[in-house]
Amino acid sequence: MNVSLAKAGAACAIVTVVGFIVGIALMASSGVQVLIPETGQDGLDWIADVDDAGNAFVAGAAIVVFAGFFGLVAFLGFYDALKHAGPVLVVAPVAGAAGMALVTISHATPIAIAVELAPAYLDASGAEQASLAATADTLAQFCLLLNYFGDILIWGVTTPLFALAVLRTGAAPRWIGWVGLVAAFFAGWLGLLSPVSSLVEGISTIGFFAFFLFTASLGVALLRRSTNANSARAATSPA
């Protein structure tokens, strides 16, 4: 209970990044390359892959979902550490919480598809299978849309606000702020056009990796700052 919100958020930021890496690696090792399925034939191929992957995919996806919960605390911690940048910064954790809620739903729904719909589709035939395929397409499109709007809020609003706050306050090394702006540009602002251009979608991947580098680096920087501050207080306190 004595841990500051900034320090707790910094630790959660690191846990978020590690959780995403571990979850994605576990899903990939099970033979499933993406968490959210596409529509059409790609979605049907995804159903076959997750059915073969079994519990390994579910475990990896669940880790990603829980990592998103830690991300919520990370946004609050970042705000607490950077709030001196100005009152407008309060928009950052609000937009981040809304975006993370949408993204988390888009990440949790595929688990239900893998557990319930995938085996039912593979066991069905004829009209029943066609109906389940249409349901799978609907759920996939639902997840893709939620993920799109959630990512825009996180990468296009929350990330640049925190990045600018870093540059303004000097609470962390300035290069971290610039990495955040790179993430915002490629994943957030340029990412708005990803549904209409496969080229833009590919380029926006740069922002995806930059975001996780920004999040982890800011978390480490804030933890180190908190540790150094505690050491300084201990050194100056009377014996």
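Phenylalanine 208 has 26% relative accessibility and therefore counts as partly exposed. On this scale, buried means under 20% relative accessible area, exposed means over 50%, and partly exposed lies in between, with a 1.4 Å probe and protein chains only. Phenylalanine 209, at 55%, counts as exposed.

Before I continue, please note that this is a predicted model, in which local features need pLDDT of at least 70 and side-chain atom pairs count only at pLDDT 80 or more, while totals for chains, interfaces and linings use all residues. Residues are numbered from 1 along each chain as its sequence is written, and side-chain values use heavy atoms, with hydrogens and water left out.

Let me turn to the aromatic pairs. Rings of Phe, Tyr and Trp (for Trp, the six-membered ring) pair if their centres lie within 6.5 Å; planes under 30 degrees apart are stacked, over 60 edge-to-face, and the rest tilted. The count by this rule is 12 aromatic pairs. One of them joins phenylalanine 20 and phenylalanine 212, which are tilted, at 5.2 Å centre to centre and 50° between the planes. This pair links distant parts of the chain, since phenylalanine 20 belongs to helix H1 and phenylalanine 212 to helix H8, 192 residues apart. Are these two residues buried or exposed? Phenylalanine 20 counts as buried at 11% relative accessibility, and phenylalanine 212 counts as buried at 13%. The rings of phenylalanine 208 and phenylalanine 209 have planes at 80° and centres 5.4 Å apart, so that pair is edge-to-face. One aromatic cluster is formed by Phe20, Trp155, Phe208, Phe209, Phe211 and Phe212.

Now the overall architecture. The protein has eight helices and zero strands; these are DSSP runs numbered from the N terminus, helices being H or I of at least four residues and strands E of at least two. Of its 239 residues, 44% count as buried.

Next, the interior. A nonpolar core is a set of buried Ala, Val, Leu, Ile, Met, Phe, Trp, Tyr and Cys residues joined through side-chain atoms within 4.5 Å. In the largest such core, of 61 residues, Phe57, Leu82, Phe162 and Leu218 touch the most other members. H5 supplies the largest share of this core, 11 residues. Leaving aside neighbours within four places in sequence, phenylalanine 57 is in contact (heavy atoms within 4.5 Å) with residues including Trp46, Pro110 and Ala114.
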